[in-house]
Amino acid sequence: MGEIANFVAYIYAPAVLVTPLGALSIIVSACLAHFLLNERIQKMGIVGCVSCIVGSVVIVIHAPQEHTPSSVQDIWTLATQPAFLVYVVATLSAVLALVFHFEPHYGQTNILVYLGICSLMGSLTVVSIKAIGIAIKLTLDGMSQIAYPQTWFFLTVAVICVITQLIYLNKALDTFNATLVSPVYYVMFTTFTIIASVIMFKDWSGQNAGSIASEICGLITVLSGTIILHVTREQEPPPPPVGTVTWFINGDSLKSPEEEHLITHHRLDEYYEP
């Protein structure tokens with residue numbers, strides 16, 4: 001249901017506003033984990049939460065107005081403008097280079113390879129999803145967009161990009177720690193998505209330099225808060241090695257057999273000896 005609401009948000013608001021606000025879900029998750037899973041939020045984690053909230057408020061205050069196209073053909077015109085075509089070509093070229101050259105050599109050691117693919121494809125996913133959402137909205141308003149081939153083209157692009165994202169995001173999670181994957185992916189995905197949206201939908205067109213600068217500062221604040229929240233998250237203690245005996249004392253420390261005298265039982269007919 002959250003993803004459905006996120007999809008609807010892209011219809012009525014620019015991606016420059018919607019995408020950074022996704023950081024609020026991280027705050028909700030951290031709070032729920034604190035109360036339901038007894039995961040402690042460190043002091044710097046609280047600072048990260050506050051940073052996300054402050055940055056989100058700044059972005060909302062200075063967010064640009066949404067200009068909804070009147071038909072899917074208008075969206076196609078935006079998608080085929082030279083500036084966005086250059087971005088698409090550059091994105092696909094980078095993805096192909098990462099998949100065929102960098103992944104075989106550096107995929108298992110450099111987290112930016114997998115997450116770069118996810119983030120670049122994710123930016124195309126968002127603009128395609130936004131186009132599909134606008135087409136659905138116009139159709140529900142009585143102006144059917146189903147007959148236009150551009151609608152099905154955007155749907156095809158969205159499906160391909162989503163599948164590609166899922167494949168390489170799973171590879172990243174299988175290879176690297178989730179506490180590292182989550183903030184890096186969020187920062188890269190948000191950055192590329194905003195760049196794609198600004199180029200295609202001209203979100204910043206008509207805004208003054210002060211509003212744009214405020215949005216960028218708000219975005220940096222949100223990204224910084226997200227990184228702080230993940231970096232300072234309480235780590236689970238590593239499991240004890242197989243074949244060792246450990247137990248908790250006073251709930252906060254561990255002892256091993258080498259640190260305490262044990263009682264060894266050899267045979268049933270013998271006394272216990274220390």
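Student: Which residues have the most contacts inside the largest nonpolar core?
Tutor: This is a predicted model, in which local features need pLDDT of at least 70 and side-chain atom pairs count only at pLDDT 80 or more, while totals for chains, interfaces and linings use all residues. Residues are numbered from 1 along each chain as its sequence is written, and side-chain values use heavy atoms, with hydrogens and water left out. A nonpolar core is a set of buried Ala, Val, Leu, Ile, Met, Phe, Trp, Tyr and Cys residues joined through side-chain atoms within 4.5 Å, where buried means under 20% relative accessible area, exposed over 50% and partly exposed in between, for a 1.4 Å probe and protein chains only. The largest such core has 58 residues, and those with the most contacts inside it are Phe84, Leu115, Ile117, Phe154 and Met200.

Student: Which helix gives the largest share of this core?
Tutor: Helices are DSSP runs (H or I, at least four residues), as are strands (E, at least two), and they are numbered from the N terminus. The largest share, 14 residues, comes from the helix spanning residues 111-140, which is α7.

Student: How are α7 and α8 oriented, roughly parallel or roughly antiparallel?
Tutor: Axes are lines fitted to C-alpha atoms, for helices over the stretch in contact, and angles between N-to-C directions run from 0 to 180 degrees. The axes of α7 and α8 (residues 149-175) come within 8 Å and cross at roughly 150°. Angles under 35 degrees count as roughly parallel, over 145 as roughly antiparallel, 65 to 115 as roughly perpendicular and the rest as oblique. The crossing therefore makes α7, relative to α8, roughly antiparallel.

Student: Is Ser197 buried or exposed?
Tutor: Ser197 lies in helix α9 (residues 178-201). Leaving aside neighbours within four places in sequence, Ser197 is in contact (heavy atoms within 4.5 Å) with Ala15, Val16, Val127, Lys202 and Asp203. Because the relative accessible area of Ser197 is 1%, this residue counts as buried.

Student: Which residues is Leu21 in contact with, leaving aside its neighbours within four places in sequence?
Tutor: Leu21 sits in the loop between α2 (15-18) and α3 (23-36), and its relative accessibility of 24% makes it partly exposed. The C-alpha atom of Leu21 is separated by 8.9 Å from that of Gly55, 34 residues apart along the chain. Beyond its sequence neighbours within four places, the contacts of Leu21 are Ser56 and Val60.
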